[in-house]
Amino acid sequence: MNTPWSRREFLEFGAAAGVSLAAQPLPFRPLAPSDTVRFGMVGVGMQGSGLLGTSIGLPGVTCAGAADLYDGRHTLAKEIAGANLPTTRRYQQLLDDKNVDCIIAAVPDHWHRKIVVDAVSAGKDIYCEKPMSHSAADGVAMVAAAQRSGRIVQIGSQRVSSQICAKAKELLAQGAIGDLMMVEARLGRNDPTGAWEYPPPPDLSPRTLDWDTWQGDVPKRAWDSNAANIFARWRCWKEYGTGVAGDLLVHLVSGMMFILGVNEPPRQATSVGGIRRWKDGRNMPDVHLVQYYYGDLPVSMRLNLGTEIQETYWFHGSKGILELTGSRITVTPQAELLHRQLPERDAPGVRNAVAPRQ
């Protein structure tokens, strides 16, 4: 690739395309200081701190400031990006800063709509962690805001940038397993961390956390003995997170849609599940099974926070099965059933029957 892109153009292209080119390093010409991309970091928790550290390691990229409602994460941000990094509780300060080109947001699900709408309305491009939205209505509002503003919005879904998923897409398109019959996928965990039972920060209190603002548009609850757990384990509650669906099912669904080239919602979905393992006060299920129809394609997905199960897809075809794990693709061919004309005396009224299995 010999296109003489600037760093800014390259990053904008990558954000718009939603792809990862890390496996194919590109040579870049020296950059002018004016071509440096300056981003604001909103949310410096587990995912946000990792994104911050990775982003500042990219050439031509610098963090212009970080925002978090918990003061302890201001300290963490400075440890990662430097003691002089500006920090604030108000992410709006980053949106008002003309030197900030774009935003990276890693915040609870119930904040996604407001962060994205505010960012694009302020003229900022934004990368927001998955899932896209806390509700379908929030997603519609986010898309409308992005379209009005013309800004770039990218939602983090790793499978869409995965080289192994891209290879599976290629194999299916080449007819490796014939006509597609159905899709299965599964993923499971069996430990407290996998079930989001994160320990709250020891100094968490209304003094170090803006609890009222953190709750956003959710009906307010006073700070109490359970508030620290809600802050640390927000995925467990429907008021703030989307549970196993938004944390794990989104990976299975986005990967499947990318591999199959699907870009529409299912026409039918049926779900069952419940809280079977982690009876810790959460109100989101830890076991979740869902059946979809994407067009006329049956899709079955299973999630379990009480049993360890490697993330796996099975694409069932008329000529075999393609199995996809995090690091391996296996195609198992199947011989097509032979058909033969049976004598009418052997099977009255039957002109074309399946040969018996040997």
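I began at one residue pair: Ala67 stands opposite Thr88 in strand 3. I noted that this is a predicted model, in which local features need pLDDT of at least 70, side-chain atom pairs count only at pLDDT 80 or more, and totals for chains, interfaces and linings use all residues. Residues are numbered from 1 along each chain as its sequence is written, and side-chain values use heavy atoms, with hydrogens and water left out.

**Sheet.** I looked up the neighbours of strand 3 and found two bridges joining it to strand 2 (residues 61–67), the two running parallel. Strands here are DSSP runs of E with at least two residues, helices are runs of H or I with at least four, and both are numbered from the N terminus. Two strands pair if DSSP finds at least two bridges between them. The open sheet has six strands in the order 3-2-1-4-5-6, with parallel pairing. Strand 3 (87–88) and strand 6 (153–156) are at the edges with a single partner strand each, so one side of each has no neighbour in the sheet.

**Whole protein.** I counted 10 helices and 15 strands. Of the 358 residues, 42% are buried (under 20% relative accessible area; exposed is over 50%, partly exposed in between; 1.4 Å probe, protein chains only).

**Trp278.** I placed Trp278 in the loop between strand 8 (268–274) and strand 9 (287–294). Is Trp278 buried or exposed? Trp278 counts as buried, because its relative accessibility is 10%. Trp278 touches Asp191, Pro192, Ala195, Glu197, Asp286 and Leu305, leaving aside residues up to four places away in sequence; contact means heavy atoms within 4.5 Å. I also checked Cys236, 42 residues from Trp278 along the chain: their C-alpha atoms are separated by 9.7 Å.
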